[in-house]
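Please find below a short note for the file. It is arranged as numbered points.

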Amino acid sequence: MKFLLLTLGLVAAAAGAVGGACYCLGGDPALRSAAARHDAMAWLRSDFHLTDAQAGAIGKLHAAYAPACDEHCRLVREAIQARDALRSARADDAAALAAAEQKVRELHATCEAALNEQVRSVAALMSPEDGRRYLALLLPMIAGYGHAGAPDLHLHAP
Amino acid sequence: MPTPPPDPALSASLQRWRVAPPRDADFRTAVWRRIRAATARVSWPAFVHTHAVAWAVVTVIALGGAGLAGRTVARARTVADREALAVGYLVSLDPRAQAVLRP
C-alpha cells in the first residue's frame with residue numbers, strides 16, 4: 001500500500017510538471033504580457049509582427065483619428081441622451097422619438113463607417129497576411145457591436 | 001496396472017506406527033518472523049518492476065493527458081487574451097463604445 005501511494009504520487013507529480021511545462025510552452029508570452037498590461041500596441045506589435053516603422057505609422061494614424069473619434073463620441077452621447085430623455089418623459093410624441101432613434105442609428109452608422117475605414121488604413125500598413133488576419137479579427141467585432149451591445153467596463157465582450 | 005493384494009503384515013505395521021514429534025513452542029512466532037522479513041525485503045523498485053507494464057501504461061496516460069490539458073489551457077488562454085485585447089483596442093477606437101462607457 002505504501003509503495004502504491006508512493007508510485008501514484010510520483011506519477012501525479014510528473015504529470016503536473018509535464019502539464020505545467022506544456023502550459024508555459026504552449027502559450028504566447030508576448031501576448032500574455034500585453035494582456036496583463038492592457039497594452040494594445042504591444043499586442044499589435046507581437047501578434048501582427050509590426051516593425052518599429054509600422055508601429056510608429058499606426059500610432060500616428062490612431063493619434064490623427066482620436067479627435068474625430070472624440071467628436072463622434074460626443075455626438076453619439078448627446079443623441080442617446082436626447083433619445084433617453086424623450087423615452088423617460090413618456091411624451092406621446094412618437095414622431096420625435098422615432099426621429100431621435102433614427103439620429104442615433106445614423107450616428108452609429110457613421111461611426112461604424114469611420115471605424116471600418118480606420119482599421120482598413122491600419123491593416124494597409126501591415127504585411128498583407130497580417131493585415132488580413134487583423135481585419136478578419138476586427139471587422140466582425142465592429143459589425144457585431146450593435147447586435148451584441150457594448151462591452152462592459154472591464155472591456156469584456158458581451 | 002492391477003492393484004496388488006494387501007499385505008496384512010504391512011497393514012498391521014502401519015496401524016501400530018505412531019509419530020511423536022517434539023513440541024516446538026516457537027514455531028508460530030518463527031513463521032511470522034520469516035513472513036515479516038520476506039515482506040520487508042521487497043523494495044520500491046522491485047514493486048514497480050513487478051507491475052512494470054501496468055505502471056508504464058498509467059504513466060504514459062497520465063503524462064500524455066497532462067501535456068494535452070496544459071497545451072489546451074494555454075491555447076484557450078491565448079484566444080481569450082487576444083479577444084480581450086481586441087475588445088479593449090476597439091473600445092479605444094469606437095465612438096459608439098466610448099459614448100456608452102464614458103461618464
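The points that follow concern chain B and its contact with chain A.

1. The model is predicted: local features need pLDDT of at least 70, side-chain atom pairs count only at pLDDT 80 or more, and totals for chains, interfaces and linings use all residues. Residues are numbered from 1 along each chain as its sequence is written, chains are lettered from A and ligands numbered from 1 in the order in which they are written, and side-chain values use heavy atoms, without hydrogens and water.

2. Chain B holds five helices and zero strands, where helices (H or I, at least four residues) and strands (E, at least two) are DSSP runs numbered from the N terminus. The radius of gyration of chain B is 40 Å, well over the 13 Å that the globule rule gives for 103 residues, so chain B is more spread out than a compact globule. That radius is taken over C-alpha atoms, and the rule is 2.2 Å times the number of residues to the power 0.38. The C-alpha trace of chain B spans about 120 × 45 × 25 Å along its principal axes.

3. Of the 103 residues in chain B, 21% are buried, meaning under 20% relative accessible area (1.4 Å probe, protein chains only).

4. The contact (heavy atoms within 4.5 Å) takes 52 residues from chain A and 41 residues from chain B. About 4100 Å² is buried between the two chains, with carbon and sulfur atoms giving 77%; this is the accessible area (1.4 Å probe) lost on being put together, summed over both parts. On the side of chain B, the most area is lost to chain A by B:L85, B:Y89 and B:R96, together 20% of what that side buries.

Conventions:
Buried < 20%, exposed > 50% of the residue type's maximum accessible area, 1.4 Å probe, protein only.
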